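Here is a quick walk through one model, from a sheet to some ring contacts and a helix. Have the structure open as you read.

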Amino acid sequence: MSDAPLEAAVSGAPLEAALRLALDAGESVRGTTSPNPPVGAVILDAAGQVAGVGATRPPGGPHAEVVALEAAGERARGGTAVVTLEPCNHTGRTGPCAQALLRAGVAAVYYAVADPHPAAAGGARTLRDGGVRVHGGFGAEPAEAGALRAWLHRQRTGRPHVTWKYAASLDGRSAAADGTSRWISGPQSRARVHAERSRLDAIVVGTGTVLADDPWLTARLPDGSLAPHQPLRVVVGRSEIPKTARVLDDVAPTLVLRTHDPDEVLGALADRVDVLLEGGPRLAGAFLAAGRVDRIQAYLAPVLLGSGPSAVRDAGVRTIAEALRFRRERVETVGADVLLTLVPDRE
């Protein structure tokens with residue numbers, strides 16, 4: 001819905017294309033901006049042509065609007081800004097983006113999501129007071145489901161957003177009867193998981209997983225080399241892990257927490273807003289029982305094992321009436337596997 005009844009200088013296809021560019025720009029920096037949100041911004045000139053594209057830089061660097069304005073230069077005057085989050089209205093490590101847009105002479109601003117942070121909100125009002133035509137809610141649904149999902153969750157709940165990722169056979173087994181689990185999912189799924197790791201703030205596993213599988217928990221590129229961004233590796237539990245464990249190497253930071261309490265784990269992650277829970281079944285059960293799983297990414301392989309450990313244990317469910325129910329957000333095929341993306345059904 002528009003915040004102002006006036007028509008924008010640009011409309012239709014150019015705005016839709018700019019929104020897609022802005023969403024992609026925000027996604028490209030996910031995992032590198034915390035505690036700031038991964039915002040994307042596009043500046044269209046007065047003729048509706050793309051003049052600049054920007055995304056939030058790492059903490060201390062400019063916000064998305066400023067990056068896009070610098071790219072646009074004088075072409076921003078009389079143009080339109082399309083931003084995934086309401087331009088900020090406060091001075092922190094950088095100046096307020098609302099003022100930067102006013103100084104650049106932008107005539108119209110479309111933003112997807114209102115800023116829920118009390119200190120930063122109010123940019124839309126500042127822009128309107130400065131004579132800019134402001135339209136809020138433009139592309140809100142894909143923006144909230146995209147790069148901003150975890151940051152918005154943190155603002156609204158005060159805790160990190162947790163995605164539980166697992167791979168399982170058709171009969172729900174995470175490993176065979178002898179404990180072997182490499183590989184249930186196919187190579188395309190594993191490549192996708194590594195790409196997702198490169199955009200995360202933290203990966204959480206239990207000591208049992210470390211002892212059984214000795215994983216690196218790193219993000220790797222298709223050629224096997226390390227991705228530029230590595231998430232924090234978090235090992236949870238009271239069992240000792242050997243000093244030679246791969247997760248303790250120096251290629252990425254590691255945090256070892258002597259607890260099984262999901263809230264203690266999340267409380268220790270400070271500004272890490274986008275967290276992936278990778279295993280194993282007892283740790284997943286503890287997070288599910290505590291209501292601390294905000295999304296599930298289930299990679300289901302066309303494999304039958306017949307026996308072996310299940311993907312989750314002890315989730316606090318004793319009867320069907322207590323079943324933890326989720327609703328489908330997306331279904332995709334990834335190579336031979338099916339990826340189900342689910343969110344809690346809290347209605």
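Five strands make up an open sheet with mixed pairing, in the order β2-β1-β3-β4-β5. The edges are β2 (50-55) and β5, each of which pairs on one side only; two strands pair if DSSP finds at least two bridges between them. On average, neighbouring strands of this sheet are turned by 15 degrees against each other, direction ignored. β4 and β5 run parallel and are joined by four bridges.

This is a predicted model, so to speak of a local feature takes pLDDT of at least 70 and side-chain atom pairs count only at pLDDT 80 or more, while totals for chains, interfaces and linings use all residues. Residues are numbered from 1 along each chain as its sequence is written, and side-chain values use heavy atoms, with hydrogens and water left out.

Helices (H or I, at least four residues) and strands (E, at least two) are DSSP runs, numbered from the N terminus. Helix α2 (residues 64-72) lies across β1 (40-44), β2 and β3 (80-85), and runs at about 150 degrees to β2. Angles run from 0 to 180 degrees between N-to-C directions, with axes fitted to C-alpha atoms, for helices over the stretch in contact; contact means heavy atoms within 4.5 Å.

Now for the rings. How many aromatic pairs does a search of the whole structure find? It finds two. Rings of Phe, Tyr and Trp (its six-membered ring) pair if their centres lie within 6.5 Å; planes under 30 degrees apart count as stacked, over 60 as edge-to-face and the rest as tilted.

| Pair | Centre to centre | Angle between planes | Type |
|---|---|---|---|
| Tyr110 and Phe138 | 5.2 Å | 70 degrees | edge-to-face |
| Trp164 and Tyr166 | 4.4 Å | 25 degrees | stacked |

Tyr110 sits in strand β4 (residues 108-113) and Phe138 in the loop between β5 (133-136) and α5 (140-145), so their pair ties together parts 28 residues apart in sequence. Tyr110 also stands opposite His135 in β5. Both Tyr110 and Phe138 are buried (under 20% relative accessible area, 1.4 Å probe, protein chains only), and Trp164 and Tyr166 are buried too.

Finally, helix α10 (residues 281-289) has Leu283, Ala284, Gly285, Phe287 and Leu288 as its buried residues. Their packing partners include β6 (161-168), β10 (274-279) and β12 (326-334).

Notes. Buried means under 20% relative accessible area, exposed over 50%, partly exposed in between (1.4 Å probe, protein chains only).
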